[in-house]
Amino acid sequence: MNSLILTTGARLLTALFLVFSLYILLRGHNAPGGGFIGGLIAASGFALLAFAAGVEEARRALRVDPRTIGLAGLIAALIAGVTAAPFGLAPFTGIWAEVGGFAISSVLLFDIGVYLAVVGGILTLIFALEETH
């Protein structure tokens, strides 16, 4: 599109979508769905930017290939899944540790992995569809 208003608005909304998606990721990390819905919100922001300003600008704003983001997410989720094995627990059992006064869990790592996998997967699909358009 060649709309200045839409392009400018999409840039602002993309930033707001990203901040809100991080809030959802961290707010919901102890409840189901924080990583998945946060990833969808982040991908929606970049999709809006791709529709308004073009895929190249969205790729520049993302700075990393979406396939790399998705792969990093899958690796993080896998690491979170096998974290319980050294303790003789079932895969994907939550492991908690105290780090600097904060309780950190393997569940958070899994949710971050899901977040990244969803962002990478959705954006790979959207960018490929937009580039063939």
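Tutor: F20 is partly exposed, at a relative accessible area of 43%; the classes are buried under 20%, exposed over 50%, and partly exposed in between (1.4 Å probe, protein chains only). This is a predicted model, in which local features need pLDDT of at least 70, side-chain atom pairs count only at pLDDT 80 or more, and totals for chains, interfaces and linings use all residues. Residues are numbered from 1 along each chain as its sequence is written, and side-chain values use heavy atoms, without hydrogens and water.

Student: What is the mean pLDDT of the chain?

Tutor: pLDDT is the predictor's confidence in each residue, from 0 to 100. Here the chain mean is 92, and 95% of residues reach 70 or more.

Student: How many aromatic pairs does the structure hold?

Tutor: Rings of Phe, Tyr and Trp (its six-membered ring) pair if their centres lie within 6.5 Å; planes under 30 degrees apart are stacked, over 60 edge-to-face, the rest tilted. The structure holds two such pairs. F20 and Y23 are stacked, 6.3 Å centre to centre with 25 degrees between the planes. Both lie in helix 1 (residues 4–27), three residues apart, about one turn of the helix; helices are DSSP runs of H or I, at least four residues, and strands runs of E, at least two, numbered from the N terminus. Y23 is partly exposed, at 49%.

Student: Which parts does the pair of F92 and F110 tie together?

Tutor: F92 and F110 are edge-to-face, 5.5 Å centre to centre with 80 degrees between the planes. F92 sits in the loop between helix 4 and strand 1 (96–99) and F110 in helix 5 (residues 106–132), so the pair ties together parts 18 residues apart in sequence. F92 counts as exposed at 53% relative accessibility, whereas F110 is partly exposed at 31%.
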